[in-house]
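Biologist: I am new to this structure and would like to go through it slowly, one question at a time. Could we begin once it is in view?

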Amino acid sequence: MWLLYAILSAVFAALTSILAKIGIENVNSHLATAIRTTIVLFLSWGIVFLTRAHSGISSISYRSFLFLILSGLATGASWLFFYKALQLGEVSKVVPIDKASIILSVLFAFFFLGEPLNARAVCGLVLLGAGTFLMIL
C-alpha cells in the first residue's frame, strides 16, 4: 500500500509545482506560500478530526513534539525558498533541484539515523545527481 501512496504523493507534488507556477504570477512568493500553507493547515486538521486522530495529541512525547516542530520549520523554509525559486525560474529547472532533496535525505538518513547504504543505493544517488545536473543545464 505504501507504493500507491508514494505514487499519489509524486503525482500531487508534480501538480503542486505546475499549479503554483501559474498561481504565483503577479503574486508575492511569500504571500503565495502563506495561502498554500493555510489551505494545508485546514486540510490537515480536517483530516485529523474526521479520523478522530486528535485524541492522540496528549500521548505525544516532548522529544517527538520537538522534532515535529523542527520538521515543520524545515518544511516552511523549504516552501518559502521553493516558491521564490519557482517565481524566478523555470519549473523544469527548479523542480529537479528541489527533488535533489532525495539525495540529501538518503545521506542524512545514513549519517544521522544509521540507515544502511549499499553500493546499489550509492549508484542510484550518483545517477540521480547526474540526472539533476543534466536537467538544469
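Biologist: Is Ser29 buried or exposed?

Modeller: This is a predicted model, in which local features need pLDDT of at least 70 and side-chain atom pairs count only at pLDDT 80 or more, while totals for chains, interfaces and linings use all residues. Residues are numbered from 1 along each chain as its sequence is written, and side-chain values use heavy atoms, with hydrogens and water left out. Buried means under 20% relative accessible area, exposed over 50%, and partly exposed in between, with a 1.4 Å probe and protein chains only. Because its relative accessibility is 1%, Ser29 counts as buried.

Biologist: Which residues does Ser29 touch, not counting those up to four places away in sequence?

Modeller: Ser29 is found in helix α2, where helices (H or I, at least four residues) and strands (E, at least two) are DSSP runs numbered from the N terminus. Contact means heavy atoms within 4.5 Å. With residues up to four places away in sequence set aside, Ser29 touches Tyr83, Lys84 and Gln87.

Biologist: Asn26 has a positive phi although it is not a glycine, so is Asn26 buried or exposed?

Modeller: Most residues other than glycine have a negative phi. Asn26, with a phi of about 65 degrees, is found in the loop between α1 (2-23) and α2 (29-50). Because its relative accessibility is 77%, Asn26 counts as exposed.

Biologist: What is the relative accessible area of Arg52?

Modeller: Arg52 is placed in the loop between α2 and α3, and its phi is near 60 degrees, a positive value in a residue other than glycine. Arg52 is exposed, and its relative accessible area is 64%.

Biologist: How far apart in space are Leu107 and Leu117, C-alpha to C-alpha?

Modeller: Leu107 is found in helix α5 (residues 101-113) and is partly exposed, with a relative accessible area of 28%. Not counting residues up to four places away in sequence, Leu107 touches Leu117 and Leu125. Leu107 and Leu117 are ten residues apart in sequence, and their C-alpha distance is 8.3 Å.

Biologist: How far apart do the C-alpha centres of domain 1 and domain 2 lie?

Modeller: The protein is divided into domain 1 (5-88) and domain 2 (89-136), with bounds that come from an automatic or database domain assignment. Ten residues of domain 1 are in contact with six residues of domain 2. The distance between the two C-alpha centres is 21 Å.

Biologist: What percentage of the residues of the protein count as buried?

Modeller: The protein has six helices and zero strands, and its C-alpha atoms fill a box of roughly 50 × 45 × 30 Å along the principal axes. Of its 137 residues, the share that counts as buried is 15%.
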